[in-house]
Amino acid sequence: MMSKQIKDGFAGTVGETPLIRIKSLSDATGCEILGKAEFLNPGGSVKDRAAMGIINDAESRGLLKPGGTIVEGTAGNTGIGLALVGNAKGYRTIIVIPDTQSQEKINLLRAIGADVRPVPAAPYKDPNNYNHIARRLAEEIDGGFWANQFDNTANREYHRQTTGPEIHRQTAGEVTAFVTAVGTGGTLAGVSLFLKEADPKIKSVCADPYGAAMWSWIKHGHLDIDDGDSVAEGIGQGRVTKNLEEAPIDDAFRIHDSVMIKMVYHLMESEGLFLGASSGINVCGAVKLALEGGPGQVITTILCDDGQRYLSRLYNPDWLKSEGLDPTRQGLDFLREI
Ligand code: PMP
């Protein structure tokens, strides 16, 4: 008998993404290098999961009521997820965004009906940091709800309940490691919490861009080393968010943009995977773990969002030149530079 295979709207379509074997890198390392295709979520990124987790939790706690307004400070993808969940559930969405973010993301947010408020970039300790502006705005608006993706642990909880179990099931329990970069930390912490509970031997690793302090925190127990810079959007954290607190993370790598860009172009040109920079950092992290730990590992990571969001940047030769980034490479020789 045939059974119906119909998803229930936006909410029913988030998650259950394919786990993709990256052939060239698996063959080259003797490990299974597996990318979770989060760019196939209905809002186009891994952040649909955080949006779902946060909104479901707020509804169940009575913090978000019919006719309410979701307010968030976001670098983009969470805003897209929140705005689409909001549309599907009947909430208005206001997004406060640093004006350093790509125009594509801002255009996309406006196109899907979010009230977008670009503000000058300011450090977290500055009261005019976009997160603090979002919090104040939510307090001022009747029926306003501040999603607070960095410190609202409904974010990591959703990953613990969905992304983690999916990875475990999709590898038939054979996963030996999970590697990903940190924005809020929801993905790394949530997936790690689940996998460690399933099998404490499964390694949890952070792939950190330069300019962030997670590598410093995980390797040295302090946030002092945050030198360098990265063009990757959505990642690069300088503090221990609530989502990261007590997350079982074993190790961390720092990944240079110079090798990230080669990976992003390799994935596009040789694997047909058209992705953003954070996915490049993640896959570099997976390969580094493969090379350090040797063959036989089953290493999983996140393919966070797709390249269309970055046409004017990552996929624009003039922009690459202006950033001093060069995707030119000889086969897989660049893996040695990771
Ligand atoms: N990659 C991209 C493109 C993102 O937008 C984000 C979220 N800001 C991440 C990676 C990191 O995910 P998380 O917030 O769960 O750490």
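This is a predicted model: local features need pLDDT of at least 70, side-chain atom pairs count only at pLDDT 80 or more; totals for chains, interfaces and linings use all residues.
Q: Is Arg21 buried, partly exposed or exposed?
A: Buried requires under 20% relative accessible area, and exposed over 50%. Arg21 has 38% relative accessibility. Arg21 therefore counts as partly exposed.

Q: How many residues apart in sequence are the parts that Glu16 and Arg169 tie together?
A: Glu16 forms a salt bridge with Arg169, at 3.2 Å between the closest N and O atoms. Glu16 lies in the loop between helix 1 (9–13) and strand 1 (19–21), and Arg169 in helix 8 (residues 163–170), so the parts tied together are apart in sequence by 153 residues.

Q: Are Glu166 and Arg49 buried or exposed?
A: Their side chains meet in a salt bridge, 3.0 Å from N to O. The pair links helix 8 to helix 3 (residues 47–60), 117 residues apart. Both Glu166 and Arg49 are buried.

Q: Which elements do the buried residues of helix 5 pack against?
A: Helix 5 spans residues 103–111, and its buried residues are Glu104, Lys105, Ile106 and Leu109. These residues pack against helix 4 (77–89), strand 4 (92–98) and strand 5 (115–119).

Q: Which residue just after helix 5 takes a positive phi?
A: Helix 5 covers residues 103–111. Just after helix 5, a phi of about 100° is taken by Gly113.

Definitions and conventions:
Residues are numbered from 1 along each chain as its sequence is written. Side-chain values use heavy atoms; hydrogens and water are left out. Buried means under 20% relative accessible area, exposed over 50%, partly exposed in between (1.4 Å probe, protein chains only). Helices (H or I, at least four residues) and strands (E, at least two) are DSSP runs, numbered from the N terminus. Contact means heavy atoms within 4.5 Å. A salt bridge is a side-chain nitrogen of Lys or Arg within 4 Å of a carboxyl oxygen of Asp or Glu.
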